Amino acid sequence: MIIKKNIALSDTGFVFNPSTGDSFSVNPIGLEILKMLKENKPEEEIKKHLLGKYATDRDTVEKDYYDFTKMLEQVKLTDTDGKEKD
Amino acid sequence: MGKKKINVAVTGLNNIDSPGPGIPVIRGLLDSKDYEVRIIGLAYDALEPGIYMRNLVAKTYHIPLPTAGQSSLLERLRYIHNQEKIDLIIPNFDAELFNFIKLAPVLEKELNIQTFLPTLDQFEERHKANLTEFGKKYEIKVPKSKMVFSLSEIPSLSQQFSYPLVVKGKFYDANVAYTPDQAAQYFNKISAKWGLPIIIQQFTYGTEVNVTALGDGKGNTIGAVPMRKQVITDKGKAWAGITLEDDKLLQITQKLIRHSKWKGPCELEMIKTNNNEYYLIEINPRFPAWVYLAVGAGQNHPDAMMRMAMGEEVKSFAEYEVGKMFIRYSYDMICDLKEFETISTFGEY
């Protein structure tokens, strides 16, 4: 999954999409994941990082990661096929 | 070196829930770094709020409604010019532009009053009623549309359009109709207010994005700032908005201005579909009421237009700040009856 290059992330968890004017707030873990996605970290590396840092299990990380990234797609913060649509 | 003094007459002082662009344009002019601007308000109604904003408008004169014709307007402008020595007039209403465009050569020759307006051809070809031809000419996608002159044409619309469709007045007002009954209802409502024809436009699904732009009349885009409405009133007006990063939208704007050689300000209203296609739904031949957002984002279009009108060479703005917002608010001014009496009785205040 590739996050659009022009998405602005602030340290407070405020996310701004300058193409649509939409803005969102994410919690600290969401921000951590978004930052790693912006750095083009592979999915497995992000999941490993979360498993190592937080008291959780593989199934929960898989499910929550899936839910979160689906939501990013829905709100159009991702590039389709890694390419800018517009 | 001191600022150059200039007297600018501005219309559109109706800073109401469906605001005219006058006050935001005035704010842009007063922000000018080169000119010391004295604003002369031109008002159609004694209760236009701008008349009473004396921190922005030095003096206001009543002017005749556009339906009174050009000679009444010219006569009134001669009187006002005699009092105030106007250097530049900026009209801000669609409905008054025809008269001002027609009078522009007389104003310049006889009274040395400058304007910076589109030509009559440019003004006419972008009319809502001509939008289909406009789209073809400038290779811009526009929704299918049709002029309707009679209520009896409404039932047959379903053969050419699929519901929902948009019912629009020739100058202002637009409503989305989901059934023929609703279309008939809006036809009656809008035609009673703005006259005929009514424009029927295929509804386009997507997000509305708007651009405020300024053309120099030679094909150059002096400035362009795209915006998305964040809060929309029941009249469809933006009550909050944010500047966007949208290269494709800017390219469309520049192409349109380049090919049409648009002179003056304009607002493009577009729909961006989920497939990232852009449909032009309207061109307003004037500054939009949200133009002060462009000033806030780094492009002072009213000032740039004033400088061009006064014969200066103005370079195109290179950039603007993305993510700049405007949030409109309402504010109750307290006025004395004497003020209202003065503008109502003498036609000037």
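A residue is described here as buried when its relative accessible area is under 20%, as exposed when that area is over 50%, and as partly exposed in between, with a 1.4 Å probe and protein chains only. By this scale B:Cys266 is buried, because its relative accessibility is 1%, whereas B:Cys335, at 34% relative accessibility, is partly exposed. With a disulfide taken as a pair of cysteine sulfur atoms within 2.5 Å, the count over all chains is zero.

The model is predicted, so that local features need pLDDT of at least 70 and side-chain atom pairs count only at pLDDT 80 or more, while totals for chains, interfaces and linings use all residues. Residues are numbered from 1 along each chain as its sequence is written, chains are lettered from A and ligands numbered from 1 in the order in which they are written, and side-chain values use heavy atoms, with hydrogens and water left out.

Helix α1 of chain A covers residues 28-38, and its buried residues are A:Gly30, A:Leu31, A:Glu32, A:Ile33, A:Leu34, A:Met36 and A:Leu37. These buried residues pack against β1 (2-3), β2 (8-9), β3 (14-17), α2 (43-53) and α3 (58-74) of chain A, where contact means heavy atoms within 4.5 Å. The helix is followed by A:Asn40, whose phi is positive, near 60°. Within helix α2 of chain A lies A:Lys47, which counts as buried because its relative accessibility is 4%. Apart from neighbours within four places in sequence, A:Lys47 is in contact with A:Arg58, A:Val61, A:Glu62 and A:Tyr65.

Strands are said to pair if DSSP finds at least two bridges between them. Three strands of chain A form an open sheet in the order β2-β3-β4, with antiparallel pairing. Its edge strands are β2 and β4 (22-25) of chain A, each of which pairs on one side only. The antiparallel pairing of β2(A) with β3(A) runs over two bridges, and A:Leu9 has A:Val15 in β3(A) as its bridge partner.

In chain B, strand β12 (residues 263-272) pairs with β13(B) in the antiparallel sense over six bridges, with B:Lys272 standing opposite B:Tyr278 in β13(B). The two strands form a hairpin with five residues between them, and B:Asn276 in the turn has a positive phi of about 60°. Strand β13 of chain B (residues 278-284) is largely enclosed by the rest of the structure, because six of its seven residues are buried.

Strand β9 of chain B (residues 207-216) contains B:Thr212, which counts as buried because its relative accessibility is 0%. When neighbours within four places in sequence are left aside, the contacts of B:Thr212 are B:Gly223, B:Ala224, B:Val225, B:Cys266, B:Pro288, B:Trp290, B:Val291, B:Ala294 and B:His301. The C-alpha atoms of B:Thr212 and B:Glu125, which are 87 residues apart along the chain, are separated by 19 Å.

At the surface, B:Leu47 lies in the loop between β2 (35-43) and β3 (59-62) of chain B and is exposed, with a relative accessible area of 58%. Together with B:Leu337 and B:Phe340, B:Leu47 makes a nonpolar surface patch of about 320 Å². Such patches are made of residues with over 30% relative accessible area and no salt bridge, like charges being joined within 9 Å and nonpolar side chains (Val, Leu, Ile, Met, Phe, Trp, Tyr) within 5 Å. Accessible areas come from the Shrake-Rupley method with a 1.4 Å probe, and for residues only the protein chains shown count as cover; a salt bridge is a side-chain nitrogen of Lys or Arg within 4 Å of a carboxyl oxygen of Asp or Glu.

How values were computed: Helices (H or I, at least four residues) and strands (E, at least two) are DSSP runs, numbered from the N terminus.
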